[in-house]
Structures are given as structure tokens and as C-alpha cells.
Amino acid sequence: MHELKMKYQGKKMAPAFNAFHTFLYSPNETTHAGGTHVKGADDLKRTMNTVIMALVPILLFSMFNAGYQHFSAINGFPENFSVMEHFLTWDNFWIGIVKVLPLVVVSYGIGLIVEFIFAVIKGHEVEEGYLVTGMLVPLIVPVDTPLWMLAVAVVFGVVIGKEVFGGTGMNILNPALTIRAFLFFAYPTWMSGDKVWVHGAVDLAGGPDAISGETVLGFLAQNKEFQYSVSDMFFGFIPGSVGETSAFLCLLGGLFLIFSKIASWRIMVSAVIGSLVMGLVFNQVVELGWIGETSKFYGLMSFDFWKHLIVGGLAFGIVYMATDPVTGAQTNRGKWIYGFLIGFISVMIRVFNPAYPEGVFLAILLMNVFAPTIDHYVIRGNVNRRMKRLKNAVILPKDSDGKAEELKAETV
Amino acid sequence: MGLLTKKDAGLILDPLADNNPITIQVLGICSALAITAELEASVVMAISVIFVLGVGNVVISLMRNIIPSKIRIIVQLIVVATLVIIVDQVLKAFAYELSKTLGAFVGLIITNCIIMGRFEAFALANGPWKSFLDGIGNALGYGVILILVGFFRELLGSGTLFGVPVLGDPIEKTGLYATGYENNGFMIIPPAALIVVGIIIWVQRSRNPALVEEN
């Protein structure tokens, strides 16, 4: 491989070849002898791989959940639910393989083709940026999303969301969320409603065997009762986008990312605080009796504030999307503001737009746009504070010019 | 082009490509975003602007020596407003449905930056014939982009062209829809026009690197 690499050096397809090469082997270049070198083990590829490791449990869980939701919707939810008997079964996993795995394959396949084409056009190395995006995308779409739609959206998201800005590290918007947003606005019938969240519901709709897979937020938006318990919601045995359902696994993934210092704990903590605050405000509004039970906001507003974190995509968004180091805020103080507003706005959109209760991706995209502004003002604030300190600082006169004696004389 | 000298031809042809009002001068974007969801509306809008800008440029050019420069904007506005009202009335008389879809945007031709831009930059300093050619040229350049954007948005967003279904019936699932294809709702909403215009600019600039500004 190393010899082949030399042979192709400088050719048009060299970037594409090099990408394969460094993916399979460690590079054969060594640093030159002169001078001192600082080497970091945590290059972009390592960072990306850590995030992917944090996503693997979620992917596996979602494959089982796809089957579990499918069969439960048809046969009714099992009584005396036990994880081994009803959840971790081959039947469930098989649905996952048939429905979830193709989403992953399409997402990676199409995305990497686009990346390779752009690397060849621009003549630089293929960037690893897509590795995480490609894994995130299948986890944030409904399970029955047609594959060609996903492919179109991936092309759009990678080209418009990332490559036009100059590729990995230059993008303003999170590419995975750009893809999600494109799908939502382009094909709303496949992205919302009560049919898309469970495999098979769309095909069976209207027939005698019609099944429904309303999400928890969907039930709440219609002021309806639902049968999911708090532990169902926390561990993720509920319908929803492929990988977003399990707040428990998101929590584990989040802790893993914090301890490996890949993701910012400030963003995660402040986003949680932000959503709790907004939830509390709405709870208080209900408590004070400002809105009646007939209000269309009642269901979502009276929903216990902390439960917002365990339904829908909020936990997933906070852990894996908001913490994207490229599109998020960079300064520490900025991260607090950025995260807080993500949580705050997410819950606000949830409650005030019952037609579309999942506001997390919109909130994060919005804050992506504002992140540079937040950073700018944080830095300006810091500069101003220092300027002020400088102005107020007393510059003691030196002994040599005789003024020191005068000063001492005065103070005494 | 026996009628036109080479320079005159340039007045018409330049704005079509390398000096296009929308993609190069980035003028008149607002209406390009608002009315290009349907091809028919784009075509009508293009024709209206060709009329208003062609005639308006001639009128301003004829009056250019007697307009006091302090109130020239007011004079220009009166000329555009008159022409736009004529267009509006004609549309209401002969294409009422269409004038309803175009709605306020016919009236808003008055504020179209291209028109005031050409009055200020060209008609005030050139003779009527040249001004006429310049007006037609710029309006054509505007129209070409409008029709291009309208074509893609209507085809991808509604599966029709001029209201005629070309990809099959989305409800009966015939034609392309039988394979599972669906209309792209994103193309209907105005932000899509911004992205389509952006892609056109991108293509144009990568074909002609001279257009890319130095940073």
C-alpha cells in the first residue's frame, strides 16, 4: 500500500486513495529530524471514533426497539414485561437488521461518496468529519424513512450544510441536523404524525390491521392519555426516531464523552438546566390556573418538567448534537449561554407548536447560527473588563524619579 | 444582429450571463424568492419586469436633462409606479387568477432594486435607444434566472410545469410516483429559492473564475 501511495502521489485521485490508505494503515510519514515536535494522540479520527463508540450501544438498542415497537403495536404490549423475553429477541433484532441497518449503510455510503468527490475536486485529503454525521443521521430519522429520501437529504446536507462552507471544521450548521431539517421540510408526511414511528404502520394504515405508533409527545399534544410508564420512557421502550428513545443510553454516552473529554460538560449541563427551567415555568403556569384543561397547550404544559428530558429527542440532541465542537460556542461562558438557550428553546417549541412537538433540532440549529455571536460578545466582555481593570489600576511611581518620597510623605 | 452595433448587443447580452442582475449584482432577490414556486408566475413576472424596465428606462432617459437631480428619485418612482399600475390592471383584466397568485408582488415591482438601479446607473446618463437596450437586457437577465429557478422549484416541488403534471399523478400513484417518488415540499417554501439561486451562482462562478472576488 505504501508503495502504491507513492506511485499515485500528485495524481487526481490521490486524495481518495490516501483516505483508504490512512483508514486501513497508520501513515508511513514520520516527522523530520530537526526541531521539537508536539504530538497528540487525539487527532480528528480518534475524536470521531470516540463519539462513534458512544453511539454504538444506542444503535444496538434502537435495532431491538424497532422490532419491539413493531410487534407490540400489532400484538399489544406484553404484560409483565421482561427485557430478556420481550425485548432482546431475535425477531426484534431481525426487524432492526432489515430496517435500521440499511439506513446506516445508505447514510454512510452516500455521505462518503460525496466527501470523496469533493476531496478529489478540491485536491485535499478526505476529511473524517462525516464519520460521526453518518452515524447520527440514521439515529434521528423515523424507522420507515424511504432510503432514497435519506440519500437525497444526505447529499443536500453534506453539500449545502458543509462543503459549501469549506468542509469539516468550517460549517456553521450541524450537518446531521441539516439533513434532518431538510427531510422534515421536504417530506413532512414521512417525518411527523402518528404513523411513521413504528415500522409497518404506514403500510397498514387504512386497512383492518391498522396500527398506530404515536409518540409520547404526540399523545400529550392531543391532550390524550398514554400507557407508557416513567421507566419505559427513561430506558427508551417507546416509539420515536430510530435512536432517540433511550434517555438512559444517552446519559451513559454523555458520561462517556465527558470523561473522555470529547464533549463539553458545560453545554450538556446548561442545556439540561435550560430545559428544566422552561418546563418549570410551564408547570407553574398550569398550577396558577392561567390556562384551562381545554387549552390545546394543557397536555404539554402540565407534563412534569423533568419528564421533558426523557421523552423525544431532547436527551439525544443535548448529548450528541449540541456538543458538536465545530458548530457550538467555543468560550466557556459562551457554552453556558449556548447550552442553556438550547434547552430553553427546545421545550418552548415543543409546547407552543403542538403540530410539531419536537423542537430540539430547530433549537440547536438556531443556536448554531448564534454561537459565533455569543462567542463574540463573551470575548468583547472579557476585553472590556480587562481594559477597565487596566484603567483603574494604580501604577506606583518608581523610586528613582523621586515621586515615591512625595507620595510616602503625603500618606504619612 | 444587423440592427445593433457590437456595443449595443453587449448591452443586451452582458446582463444575461456575466453581469446578471440577480446572480452577479445580487439585485432583485426578494421577488426571485417570493414568486418562483410556480413557473407560470415566474414567466409573467419576467414579462412584467421586461415591460416596466424597458419602457421606464426610455422615459427616464428622455427626461434625463430636465429632471432636477435633487428630486430625481421621486420622478423615477412616479414613472415606475405608473408603469406598474398599467401592468397590474392588464393582469387583472386578462389573467385574474394569476394576478391573485402574484398578489402584492406586481405592485412591489416598484421597489425592485434592479429597476431603480438601472434608472440611476444607466438611464440618467445615456440616450433612449441605449437605455432601452440596457433595460431589456437587464430585465431578460432577471427573467432568465427567475424562469430557471421557477422550473426547478415547480418540477421538484409540485411535479408539474406550468401547472401540467409531468411526473405522473401523486394521488393515483402513476408515472414516477409509482416507484415511491414524492414531491419535495421543501422546494415550495421560499428559502428553497435562496438555495437554488445560490447553486446557480456557484455553478456560474466555477465556470468563470473571473467572477470570484479577491478576499
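pLDDT is the predictor's confidence in each residue, from 0 to 100. This is a predicted model, in which local features need pLDDT of at least 70, side-chain atom pairs count only at pLDDT 80 or more, and totals for chains, interfaces and linings use all residues. Residues are numbered from 1 along each chain as its sequence is written, while chains are lettered from A and ligands numbered from 1 in the order in which they are written.

The model has an ipTM of 0.76 and a pTM of 0.79. For chain B the mean pLDDT is 81, and 94% of the residues reach at least 70. Helices (H or I, at least four residues) and strands (E, at least two) are DSSP runs, numbered from the N terminus.

Chain B contains nine helices and two strands, in the order α-α-α-α-α-α-α-α-β-β-α along the sequence. Its C-alpha trace spans about 65 × 45 × 40 Å along the principal axes of chain B.

Two residues are in contact if their C-beta atoms, placed from the backbone, lie within 7 Å. Of the contacts in chain B between residues at least 6 apart in sequence, 76% join residues at least 24 apart.

Between the chains, eight residues of chain A are in contact with seven residues of chain B. On the side of chain A that touches chain B, α7 (147–161) and α8 (175–186) of chain A each supply at least two residues. The most come from α8(A), with three residues.
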